[in-house]
Amino acid sequence: AKLVGRQSLPNIHTTLQRHLKSSAKNAYIPQFFFPHGKPPPAIQTETTLQRLEQTFSRFEDFHVPRDKFHIIVTMCQVPLYWRVPLFMATPLSPTGAVDGNKFIDFWRRMTTFCHDSASRFVYIMSRGNPSRSYILPEDFAPLIQDVVDTHPGLAFLKEASEFHSRYVHTVISRIYYAVNRSWTGKITTAELRRSNLLDVSILILFLGFKYLIMR
C-alpha cells in the first residue's frame, strides 16, 4: 500500500555542506603570513620613538653629528655596523648632522611597515625608497668602508688606502655570490631572510679581506 503524508528525509550530504559553508563564513582565521615580518607589540615601537626623542633632545638643535651618531644607533637597538646606512637615510643638516625630527619620522615610517631585521635592513639600505624592496651592490659600499675605517681588527688596513676599493668590491662580490641566489644583482628581503648575512656580516668582511690577500 502507498504511504500517504509521509515526509521525505532530508538530504544529509546537502545539510552538511550548508553547515560547513555557514561555519566557514563565521570562522576567524588569524593572519599567518607577514611579508615584512610579524609586527611587534605597539608599546615596543613607541618606547623606541620616545627613547630617540629624549636622546636627540640632548644635542643642540636636535642635531646629532656623525661622530656621536653611534649613540642613536644604540637607541635604535640595531647592530652598530648599520651606523652609516642609518646616518645616510635622511637628508643631513647644512652642518652635516642628522636632524632628529627627520630621523624620527623616518624611523616611524619604517617601523609602520617593516617589522623584522631583514625588511628594516633593506628599507634602511635603500634610504626608505618605497619603490625599491631590494639592495643594490653600491648600497653596501659605505657600510663596508665604515667598517674598514673604524673596526679595530682592520686597523692595519687603514694605512693601505690603495687597497680599500679592491677590498670593498671583493666583499660585495662575496656577499652577492652567497646571498643573491637569483643572480639578479638585487638582494631581496626574502633572499636576506634565507641567508645568515645579518648574523655574520662582520665575519664576511674578514673573509673578504682574506680572499683579497689570497688573490
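This is a short tour of a predicted model, stop by stop, with what to select in your viewer.

**The whole chain**

Start with everything shown as a cartoon. The protein chain has 11 helices and 4 strands. Of its 215 residues, 39% count as buried. If you look at contacts between residues at least 6 apart in sequence, 58% of them join residues at least 24 apart.

**Two helices side by side**

Next, select residues 42-56, which are helix α2, and residues 100-113, which are helix α5. The two pack at an angle of about 170°, and their axes are 10 Å apart. An angle over 145 degrees counts as roughly antiparallel, so α2 is roughly antiparallel to α5.

On α2, pick Thr45, Thr48, Leu49, Leu52, Glu53 and Phe56. On α5, pick Gly100, Phe103, Ile104, Trp107, Arg108 and Thr111. Coloured by class, this contact shows 6 nonpolar, 4 polar and 2 charged residues.

Across the whole structure, a search finds 11 aromatic pairs.

Zoom in on Phe69 and Phe87, whose rings make an edge-to-face pair, 5.3 Å centre to centre with 80° between the planes. This pair links distant parts of the chain: Phe69 belongs to helix α3 (residues 69-76) and Phe87 to helix α4 (residues 83-87), 18 residues apart.

Then move to Phe103 and Phe106. Their ring centres are 6.4 Å apart and their planes are at 40°, so this pair is tilted. Both residues lie in helix α5, 3 residues apart, about one turn of the helix. Phe103 and Phe106 are both buried.

**Charges over rings**

Arg66 lies over the face of Phe87, at 5.8 Å from the ring centre.

For the last stop, select Lys186 and Tyr134. Here the charged end of Lys186 sits over the ring of Tyr134, 4.7 Å from the centre of that ring.

Terms used:
Residues are numbered from 1 along each chain as its sequence is written. This is a predicted model: local features need pLDDT of at least 70, side-chain atom pairs count only at pLDDT 80 or more; totals for chains, interfaces and linings use all residues. Side-chain values use heavy atoms; hydrogens and water are left out. Axes are lines fitted to C-alpha atoms, for helices over the stretch in contact, and angles run from 0 to 180 degrees between N-to-C directions. Angles under 35 degrees count as roughly parallel, over 145 as roughly antiparallel, 65 to 115 as roughly perpendicular and the rest as oblique. Contact means heavy atoms within 4.5 Å. Ala, Val, Leu, Ile, Met, Phe, Trp, Tyr, Cys and Pro count as nonpolar, Asp, Glu, Lys and Arg as charged, and the others, Gly among them, as polar. Rings of Phe, Tyr and Trp (its six-membered ring) pair if their centres lie within 6.5 Å; planes under 30 degrees apart count as stacked, over 60 as edge-to-face and the rest as tilted. Buried means under 20% relative accessible area, exposed over 50%, partly exposed in between (1.4 Å probe, protein chains only). A charge sits over a ring if NZ of Lys or CZ of Arg is within 6 Å of the ring centre and within 35 degrees of the ring normal.
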